[in-house]
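Student: I've got a model open and I'd like to learn how to read it. Could you walk me through it?

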There are 2 protein chains.
Amino acid sequence: MKETAQLLREKGLKVTPQRIAVYNMLLHTHEHPNAETIYRTLEVTNPTMSLATVYKTLDYFKHLGLVQELNVGEASSRYDATVQCHPHTVCTSCGKVTDLYCDALTNLHEKFADQLDFDVTCEQLIFYGTCSECRSKINEDLPD
Amino acid sequence: MKETAQLLREKGLKVTPQRIAVYNMLLHTHEHPNAETIYRTLEVTNPTMSLATVYKTLDYFKHLGLVQELNVGEASSRYDATVQCHPHTVCTSCGKVTDLYCDALTNLHEKFADQLDFDVTCEQLIFYGTCSECRSKINEDLPD
DNA sequence: CTCCTAACTAATAATTATTGTTATTTAATA
DNA sequence: TATTAAATAACAATAATTATTAGTTAGGAG
(Lines give C-alpha, C1' and ligand atoms only; values in the text may rest on other atoms or scores of the structure.)
Protein backbone atom coordinates (compact mmCIF):
# COMPACT_ATOMS: atom_id res chain seq x y z
CA MET A 1 0.00 0.00 0.00
CA LYS A 2 3.01 2.27 0.42
CA GLU A 3 3.44 2.36 -3.35
CA THR A 4 0.00 3.84 -3.91
CA ALA A 5 0.61 6.69 -1.48
CA GLN A 6 3.90 7.36 -3.19
CA LEU A 7 2.27 7.36 -6.61
CA LEU A 8 -0.47 9.76 -5.58
CA ARG A 9 2.08 12.08 -4.07
CA GLU A 10 4.14 12.02 -7.25
CA LYS A 11 1.05 13.03 -9.20
CA GLY A 12 0.58 16.02 -6.91
CA LEU A 13 -2.43 14.62 -5.07
CA LYS A 14 -2.96 14.69 -1.37
CA VAL A 15 -2.90 11.18 0.00
CA THR A 16 -6.22 10.26 1.59
CA PRO A 17 -7.61 6.90 2.69
CA GLN A 18 -10.41 7.27 0.13
CA ARG A 19 -8.02 7.73 -2.76
CA ILE A 20 -5.81 4.89 -1.68
CA ALA A 21 -8.83 2.63 -1.34
CA VAL A 22 -10.16 3.47 -4.82
CA TYR A 23 -6.82 3.05 -6.51
CA ASN A 24 -5.97 -0.20 -4.75
CA MET A 25 -9.34 -1.65 -5.54
CA LEU A 26 -8.82 -0.92 -9.23
CA LEU A 27 -5.31 -2.34 -9.08
CA HIS A 28 -6.50 -5.63 -7.65
CA THR A 29 -9.54 -6.37 -9.77
CA HIS A 30 -10.09 -7.30 -13.38
CA GLU A 31 -13.82 -6.62 -13.23
CA HIS A 32 -13.70 -3.08 -14.67
CA PRO A 33 -16.10 -1.80 -12.00
CA ASN A 34 -18.16 1.37 -12.35
CA ALA A 35 -18.33 4.13 -9.72
CA GLU A 36 -21.35 2.58 -8.01
CA THR A 37 -19.66 -0.82 -7.71
CA ILE A 38 -16.47 0.73 -6.37
CA TYR A 39 -18.49 2.64 -3.78
CA ARG A 40 -20.51 -0.40 -2.72
CA THR A 41 -17.39 -2.51 -2.36
CA LEU A 42 -15.44 0.06 -0.41
CA GLU A 43 -18.11 1.29 1.98
CA VAL A 44 -17.98 -2.11 3.70
CA THR A 45 -14.42 -1.56 4.88
CA ASN A 46 -14.38 2.23 4.54
CA PRO A 47 -17.48 3.59 6.25
CA THR A 48 -16.18 7.07 5.63
CA MET A 49 -16.73 6.99 1.89
CA SER A 50 -19.24 8.74 -0.28
CA LEU A 51 -20.26 8.13 -3.87
CA ALA A 52 -19.53 11.72 -4.85
CA THR A 53 -15.98 11.29 -3.63
CA VAL A 54 -15.61 8.15 -5.71
CA TYR A 55 -16.73 10.09 -8.79
CA LYS A 56 -14.44 13.00 -8.05
CA THR A 57 -11.51 10.72 -7.28
CA LEU A 58 -11.99 8.79 -10.51
CA ASP A 59 -12.11 12.05 -12.40
CA TYR A 60 -8.81 13.19 -10.90
CA PHE A 61 -7.23 9.81 -11.56
CA LYS A 62 -8.41 9.87 -15.15
CA HIS A 63 -6.97 13.29 -15.87
CA LEU A 64 -3.67 12.35 -14.26
CA GLY A 65 -3.48 9.16 -16.27
CA LEU A 66 -3.78 6.86 -13.26
CA VAL A 67 -6.88 5.09 -14.55
CA GLN A 68 -8.66 4.60 -17.84
CA GLU A 69 -12.35 5.26 -18.35
CA LEU A 70 -14.04 2.56 -20.35
CA ASN A 71 -17.28 2.99 -22.17
CA VAL A 72 -18.93 -0.20 -23.30
CA GLY A 73 -22.40 1.15 -24.03
CA GLU A 74 -23.80 0.79 -20.55
CA ALA A 75 -25.38 3.71 -18.72
CA SER A 76 -22.32 4.15 -16.50
CA SER A 77 -18.61 4.21 -17.20
CA ARG A 78 -16.26 1.50 -16.08
CA TYR A 79 -12.73 2.04 -14.80
CA ASP A 80 -9.45 0.22 -15.24
CA ALA A 81 -6.12 0.80 -13.52
CA THR A 82 -4.37 -0.43 -16.65
CA VAL A 83 -4.01 2.81 -18.54
CA GLN A 84 -2.34 1.43 -21.64
CA CYS A 85 -4.96 1.08 -24.40
CA HIS A 86 -5.92 -2.53 -24.97
CA PRO A 87 -8.90 -4.31 -26.53
CA HIS A 88 -11.82 -5.69 -24.52
CA THR A 89 -14.56 -8.23 -24.95
CA VAL A 90 -18.02 -7.43 -23.60
CA CYS A 91 -20.50 -10.26 -23.06
CA THR A 92 -23.93 -8.95 -23.94
CA SER A 93 -25.48 -11.78 -21.95
CA CYS A 94 -23.80 -11.47 -18.52
CA GLY A 95 -22.18 -8.07 -18.94
CA LYS A 96 -18.68 -9.27 -18.14
CA VAL A 97 -15.87 -7.14 -19.53
CA THR A 98 -12.57 -8.88 -20.14
CA ASP A 99 -9.16 -7.55 -21.10
CA LEU A 100 -7.71 -8.84 -24.30
CA TYR A 101 -3.98 -8.81 -24.59
CA CYS A 102 -3.13 -9.41 -28.19
CA ASP A 103 -0.40 -7.50 -29.94
CA ALA A 104 -2.01 -7.85 -33.34
CA LEU A 105 -5.11 -6.02 -32.06
CA THR A 106 -3.27 -3.33 -30.11
CA ASN A 107 -2.05 0.06 -31.31
CA LEU A 108 -3.81 -0.47 -34.61
CA HIS A 109 -3.62 3.25 -35.34
CA GLU A 110 0.17 3.12 -35.52
CA LYS A 111 -0.06 0.78 -38.46
CA PHE A 112 -2.49 3.09 -40.27
CA ALA A 113 -1.42 6.53 -39.07
CA ASP A 114 -0.31 7.63 -42.53
CA GLN A 115 -3.71 6.84 -44.06
CA LEU A 116 -5.73 8.77 -41.51
CA ASP A 117 -5.16 12.55 -41.50
CA PHE A 118 -6.07 12.39 -37.83
CA ASP A 119 -3.80 12.55 -34.77
CA VAL A 120 -4.71 9.51 -32.73
CA THR A 121 -4.02 9.74 -29.01
CA CYS A 122 -5.85 6.63 -27.93
CA GLU A 123 -7.82 3.81 -29.47
CA GLN A 124 -10.53 1.54 -28.20
CA LEU A 125 -11.44 -1.81 -29.69
CA ILE A 126 -14.41 -3.64 -28.23
CA PHE A 127 -15.76 -7.02 -29.26
CA TYR A 128 -19.40 -7.50 -28.29
CA GLY A 129 -20.77 -11.02 -28.14
CA THR A 130 -21.18 -14.05 -25.89
CA CYS A 131 -18.52 -15.36 -23.53
CA SER A 132 -17.79 -19.08 -23.28
CA GLU A 133 -19.65 -19.52 -19.97
CA CYS A 134 -22.82 -17.92 -21.31
CA ARG A 135 -22.53 -19.95 -24.49
CA SER A 136 -22.42 -23.17 -22.43
CA LYS A 137 -25.43 -22.08 -20.40
CA ILE A 138 -27.43 -21.31 -23.51
CA ASN A 139 -26.57 -24.73 -24.91
CA GLU A 140 -27.72 -26.41 -21.66
CA ASP A 141 -31.02 -24.56 -21.73
CA LEU A 142 -31.72 -25.49 -25.31
CA PRO A 143 -31.13 -29.26 -25.63
CA ASP A 144 -31.96 -30.67 -29.04
CA MET B 1 -39.36 8.51 -49.06
CA LYS B 2 -41.51 5.64 -50.26
CA GLU B 3 -38.66 3.27 -49.52
CA THR B 4 -38.56 4.18 -45.83
CA ALA B 5 -42.27 3.48 -45.40
CA GLN B 6 -41.78 0.15 -47.13
CA LEU B 7 -38.83 -0.71 -44.93
CA LEU B 8 -40.67 0.10 -41.72
CA ARG B 9 -43.62 -2.00 -42.83
CA GLU B 10 -41.33 -4.92 -43.60
CA LYS B 11 -39.94 -4.70 -40.08
CA GLY B 12 -43.47 -4.89 -38.69
CA LEU B 13 -43.67 -1.27 -37.60
CA LYS B 14 -46.57 1.03 -38.19
CA VAL B 15 -45.59 3.78 -40.55
CA THR B 16 -45.86 7.19 -38.90
CA PRO B 17 -44.54 10.59 -39.95
CA GLN B 18 -42.31 10.68 -36.86
CA ARG B 19 -40.63 7.38 -37.68
CA ILE B 20 -40.13 8.30 -41.31
CA ALA B 21 -38.62 11.62 -40.29
CA VAL B 22 -36.18 10.05 -37.84
CA TYR B 23 -35.06 7.36 -40.24
CA ASN B 24 -34.67 9.71 -43.18
CA MET B 25 -32.70 12.16 -41.13
CA LEU B 26 -30.27 9.42 -40.12
CA LEU B 27 -30.05 8.21 -43.71
CA HIS B 28 -29.07 11.63 -45.00
CA THR B 29 -26.52 12.74 -42.43
CA HIS B 30 -23.01 11.69 -41.55
CA GLU B 31 -23.02 13.58 -38.29
CA HIS B 32 -23.97 10.68 -36.03
CA PRO B 33 -26.52 12.80 -34.15
CA ASN B 34 -27.82 12.00 -30.68
CA ALA B 35 -31.50 11.91 -29.71
CA GLU B 36 -31.53 15.56 -28.67
CA THR B 37 -30.01 16.71 -31.98
CA ILE B 38 -32.43 14.61 -33.98
CA TYR B 39 -35.32 16.10 -32.04
CA ARG B 40 -34.09 19.69 -32.43
CA THR B 41 -33.57 19.23 -36.16
CA LEU B 42 -36.91 17.59 -36.79
CA GLU B 43 -39.15 19.80 -34.65
CA VAL B 44 -38.52 22.63 -37.12
CA THR B 45 -40.29 20.82 -39.94
CA ASN B 46 -42.28 18.38 -37.78
CA PRO B 47 -44.01 20.38 -35.06
CA THR B 48 -45.74 17.20 -33.98
CA MET B 49 -42.64 15.60 -32.56
CA SER B 50 -41.55 14.92 -29.01
CA LEU B 51 -38.21 13.94 -27.58
CA ALA B 52 -39.66 10.87 -25.88
CA THR B 53 -40.89 9.64 -29.24
CA VAL B 54 -37.43 10.09 -30.71
CA TYR B 55 -35.97 7.96 -27.93
CA LYS B 56 -38.61 5.27 -28.31
CA THR B 57 -38.28 5.27 -32.08
CA LEU B 58 -34.51 4.94 -31.90
CA ASP B 59 -34.92 2.07 -29.47
CA TYR B 60 -37.26 0.24 -31.84
CA PHE B 61 -34.96 0.91 -34.77
CA LYS B 62 -31.97 -0.36 -32.84
CA HIS B 63 -33.61 -3.62 -31.88
CA LEU B 64 -34.83 -4.17 -35.42
CA GLY B 65 -31.37 -3.52 -36.82
CA LEU B 66 -32.36 -0.36 -38.67
CA VAL B 67 -29.85 1.83 -36.88
CA GLN B 68 -26.71 1.41 -34.86
CA GLU B 69 -26.16 2.97 -31.46
CA LEU B 70 -22.73 4.47 -31.08
CA ASN B 71 -21.08 5.22 -27.78
CA VAL B 72 -18.06 7.44 -27.95
CA GLY B 73 -17.82 8.34 -24.26
CA GLU B 74 -20.18 11.28 -24.30
CA ALA B 75 -23.13 11.49 -21.96
CA SER B 76 -25.57 10.62 -24.74
CA SER B 77 -25.57 7.96 -27.44
CA ARG B 78 -25.19 8.76 -31.10
CA TYR B 79 -27.03 7.02 -33.92
CA ASP B 80 -26.07 5.87 -37.37
CA ALA B 81 -28.24 4.45 -40.15
CA THR B 82 -25.28 2.44 -41.36
CA VAL B 83 -25.73 -0.72 -39.34
CA GLN B 84 -22.69 -2.56 -40.60
CA CYS B 85 -19.89 -2.28 -38.01
CA HIS B 86 -17.18 0.12 -39.10
CA PRO B 87 -14.47 2.10 -37.30
CA HIS B 88 -14.85 5.72 -36.28
CA THR B 89 -12.62 8.64 -35.38
CA VAL B 90 -13.68 10.95 -32.57
CA CYS B 91 -12.09 14.38 -32.30
CA THR B 92 -11.69 15.17 -28.62
CA SER B 93 -11.38 18.85 -29.47
CA CYS B 94 -14.51 19.54 -31.56
CA GLY B 95 -16.43 16.32 -30.89
CA LYS B 96 -16.83 15.40 -34.53
CA VAL B 97 -17.39 11.71 -35.21
CA THR B 98 -16.34 10.45 -38.62
CA ASP B 99 -16.83 7.13 -40.33
CA LEU B 100 -13.73 5.29 -41.33
CA TYR B 101 -14.04 2.92 -44.19
CA CYS B 102 -10.94 0.82 -44.23
CA ASP B 103 -11.06 -2.89 -44.88
CA ALA B 104 -7.91 -3.58 -42.90
CA LEU B 105 -9.58 -2.13 -39.78
CA THR B 106 -12.97 -3.75 -40.31
CA ASN B 107 -14.17 -7.16 -39.10
CA LEU B 108 -11.00 -7.61 -37.11
CA HIS B 109 -12.64 -10.32 -35.06
CA GLU B 110 -12.95 -12.59 -38.08
CA LYS B 111 -9.20 -12.68 -38.38
CA PHE B 112 -8.79 -13.59 -34.71
CA ALA B 113 -11.94 -15.61 -34.02
CA ASP B 114 -10.01 -18.83 -33.36
CA GLN B 115 -7.85 -17.18 -30.68
CA LEU B 116 -10.74 -15.75 -28.71
CA ASP B 117 -13.06 -18.33 -27.09
CA PHE B 118 -15.74 -15.67 -27.43
CA ASP B 119 -18.57 -15.45 -29.99
CA VAL B 120 -18.26 -11.99 -31.46
CA THR B 121 -21.45 -10.51 -32.89
CA CYS B 122 -20.22 -6.98 -33.39
CA GLU B 123 -17.06 -4.98 -32.95
CA GLN B 124 -16.35 -1.34 -32.38
CA LEU B 125 -13.07 0.39 -33.09
CA ILE B 126 -12.74 4.03 -32.12
CA PHE B 127 -9.75 6.28 -32.61
CA TYR B 128 -9.72 9.25 -30.25
CA GLY B 129 -7.59 12.24 -31.14
CA THR B 130 -7.51 15.50 -33.06
CA CYS B 131 -8.98 16.00 -36.52
CA SER B 132 -7.08 17.88 -39.20
CA GLU B 133 -9.19 21.05 -38.86
CA CYS B 134 -8.64 21.27 -35.12
CA ARG B 135 -4.95 20.56 -35.60
CA SER B 136 -4.70 23.54 -38.00
CA LYS B 137 -6.55 25.78 -35.57
CA ILE B 138 -4.26 24.81 -32.72
CA ASN B 139 -1.25 25.59 -34.87
CA GLU B 140 -2.68 29.01 -35.76
CA ASP B 141 -3.27 29.84 -32.11
CA LEU B 142 0.23 28.87 -31.09
CA PRO B 143 2.61 30.58 -33.51
CA ASP B 144 6.28 30.07 -32.74
C1' DC C 1 -65.35 4.84 -47.43
C1' DT C 2 -66.22 4.60 -42.48
C1' DC C 3 -65.50 2.40 -38.19
C1' DC C 4 -62.74 0.03 -34.93
C1' DT C 5 -58.89 -1.08 -32.28
C1' DA C 6 -54.29 -1.82 -31.28
C1' DA C 7 -50.47 0.75 -31.70
C1' DC C 8 -48.59 5.22 -31.47
C1' DT C 9 -47.71 9.91 -29.75
C1' DA C 10 -47.28 14.04 -26.61
C1' DA C 11 -47.03 15.57 -22.25
C1' DT C 12 -45.26 14.96 -18.19
C1' DA C 13 -43.60 12.44 -14.15
C1' DA C 14 -40.04 9.46 -12.60
C1' DT C 15 -35.54 7.49 -12.58
C1' DT C 16 -30.62 7.04 -12.96
C1' DA C 17 -25.94 8.60 -13.48
C1' DT C 18 -23.27 12.27 -12.63
C1' DT C 19 -21.88 16.90 -11.12
C1' DG C 20 -22.17 21.13 -8.18
C1' DT C 21 -22.40 23.35 -3.48
C1' DT C 22 -21.13 24.02 1.05
C1' DA C 23 -19.95 23.37 5.73
C1' DT C 24 -16.87 20.46 8.02
C1' DT C 25 -12.74 17.77 8.37
C1' DT C 26 -8.07 16.47 7.35
C1' DA C 27 -3.29 16.09 5.22
C1' DA C 28 0.86 18.28 4.93
C1' DT C 29 3.95 21.61 6.23
C1' DA C 30 5.85 25.34 9.09
C1' DT D 1 1.18 21.63 17.67
C1' DA D 2 -1.02 25.21 14.77
C1' DT D 3 -2.21 26.66 10.24
C1' DT D 4 -4.40 26.40 5.98
C1' DA D 5 -5.37 24.81 1.51
C1' DA D 6 -7.40 20.99 -0.15
C1' DA D 7 -10.48 17.04 0.46
C1' DT D 8 -14.62 14.97 2.14
C1' DA D 9 -19.65 13.96 3.25
C1' DA D 10 -24.06 15.29 2.77
C1' DC D 11 -27.10 16.91 -0.02
C1' DA D 12 -28.99 19.64 -3.94
C1' DA D 13 -29.07 20.06 -8.80
C1' DT D 14 -28.70 18.69 -13.53
C1' DA D 15 -28.88 15.91 -17.73
C1' DA D 16 -30.09 11.86 -20.21
C1' DT D 17 -33.24 8.49 -20.48
C1' DT D 18 -37.36 5.77 -19.36
C1' DA D 19 -42.13 5.05 -17.61
C1' DT D 20 -46.97 6.44 -17.41
C1' DT D 21 -51.13 7.80 -19.23
C1' DA D 22 -54.71 9.92 -21.75
C1' DG D 23 -55.64 11.20 -26.20
C1' DT D 24 -54.69 10.35 -31.33
C1' DT D 25 -53.87 7.81 -35.54
C1' DA D 26 -52.64 4.07 -38.94
C1' DG D 27 -54.42 0.49 -41.21
C1' DG D 28 -57.40 -3.35 -41.70
C1' DA D 29 -62.47 -5.16 -41.38
C1' DG D 30 -66.78 -4.53 -42.73
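**Charges, folds and copies**

Tutor: Let's begin with charge: in chain A, the mean positions of the 13 positive and 20 negative charges lie 10 Å apart. Lys and Arg count as positive, Asp and Glu as negative, with His and the chain ends not counted; each charge is placed at NZ of Lys, CZ of Arg, CG of Asp or CD of Glu. This is a predicted model, where local features need pLDDT of at least 70, side-chain atom pairs count only at pLDDT 80 or more, and totals for chains, interfaces and linings use all residues. Residues are numbered from 1 along each chain as its sequence is written, chains are lettered from A and ligands numbered from 1 in the order written, and side-chain values use heavy atoms, leaving out hydrogens and water.

Student: How many helices and strands are there in chain A?

Tutor: Helices (H or I, at least four residues) and strands (E, at least two) are DSSP runs, numbered from the N terminus. Chain A has six helices and five strands, in the order α-α-α-α-β-β-β-β-α-β-α.

Student: What share of chain A is buried?

Tutor: Buried means under 20% relative accessible area, exposed over 50%, partly exposed in between (1.4 Å probe, protein chains only). Here 47% of the 144 residues in chain A are buried.
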